[in-house]
Amino acid sequence: MLRPGRNDVCWCGSGLKYKRCHSNFDDKIEALRLSHAVVPGHNLIKNPQQIAAIKESAKINIAVLDYVAEHIEAGITTEDIDKWVYDLTTKMGGIPAPLNYEGFPKSVCTSINNQVCHGIPSPDVMLREGDIINVDVSTILNGYYSDSSRMFCIGEVSPEKKRLVDITKESLNVGLSKVKPWGFLGDMGQAINDFARANGYSVVREIGGHGVGLEFHEDPYVSYVTKAGTEMVMAPGMMFTIEPMINMGKQEIYIDEDNGWTAYTQDRLPSAQWEIQVLVTEDGYEIIAY
Ligand code: MF3
Ligand code: CO
């Protein structure tokens, strides 16, 4: 590891002297690295200016989801949701991150019932009473990224679906209780997995969360099927999503062959997902987008 002199400016870009900024941090990282832990590179550590800029992006992301929450109802199409997201995001000065991302054709992901994630909005898909839907919003503002998603119940939904939605939301808090500096991402992953399974559900293995902020998808990959004490160390200044996909039935999924994006449960039972963007702080975490 290349270390600046004590009185040189810190590598993080804060403008502060190294000795007053990340010098102790680097001591900790170096000790963990020597004990064979997976440690974050400096490129994954956000400085205060970057965090402030990402929070501005998140304001749009949250406002868009609030707008969806107020207007979503039976009879609208997922294309309507796509238009709301595009219009409000651009009106607020942002860009919808999914649009044209690796060929994704729309501004938002809308995943209904047995769709696990990456559902593509369409004028042919109308919401009906009893549906559960995940709306996954991501925003770029001045080059900074935010990413979060929520579930919505359309009218009266079955108690089974309602419970899946509620338990999945609760699993975020279970995961958050393990987000603290110098813990492991696997602590969080196992906590979510144990909680989901204790409630009779399964957790999707193939798709997970990710670092986010300076890019849409940064390291680390964040799994919810990992073991405590494994995976990357959580260090202050890291930012990532917690976005478990929890299935009512079996964990197996497949990807739509025609569009190459949308994941479905193999057993056709419902799946739910909530997503938050979190920052690891000196004494725990801060929720950036929800
Ligand atoms: N929040 C989703 C994710 O991180 C958004 C995917 S957008 C898509 O996977 F364009 F990739 F579909
Ligand atoms: Co995401």
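Gln 115 touches Thr 110, Thr 262, Ala 263, Tyr 264 and Ser 271, leaving aside residues up to four places away in sequence, where contact means heavy atoms within 4.5 Å. This is a predicted model, in which local features need pLDDT of at least 70 and side-chain atom pairs count only at pLDDT 80 or more, while totals for chains, interfaces and linings use all residues. Residues are numbered from 1 along each chain as its sequence is written, and side-chain values use heavy atoms, with hydrogens and water left out.

Gln 115 lies in strand E3 (residues 115-117), a strand being a DSSP run of at least two residues and a helix one of at least four, numbered from the N terminus. The side chains of Gln 115 and Tyr 264 are joined by a polar contact of 3.1 Å, that is, a pair of N or O atoms within 3.5 Å, one able to donate a hydrogen and the other to accept it.

The protein donors of the cobalt ion (ligand 2) are Asp 147 (OD), His 210 (NE2), Glu 243 (OE) and Glu 275 (OE), lying 2.2 to 2.4 Å from the ion; donors are N, O and S atoms within 2.8 Å of the metal (3.2 Å for Na, K and Ca). His 210 lies in strand E7 (residues 209-211) and Glu 275 in the loop between strands E13 (271-273) and E14 (276-280), so the pair ties together parts that are 65 residues apart in sequence.

The table lists buried residues (under 20% relative accessible area; exposed is over 50%, partly exposed in between, with a 1.4 Å probe and protein chains only).

| Residue | Relative accessible area |
|---|---|
| Gln 115 | 16% |
| His 210 | 7% |
| Glu 275 | 0% |

Terms used:
Chains are lettered from A and ligands numbered from 1 in the order in which they are written.
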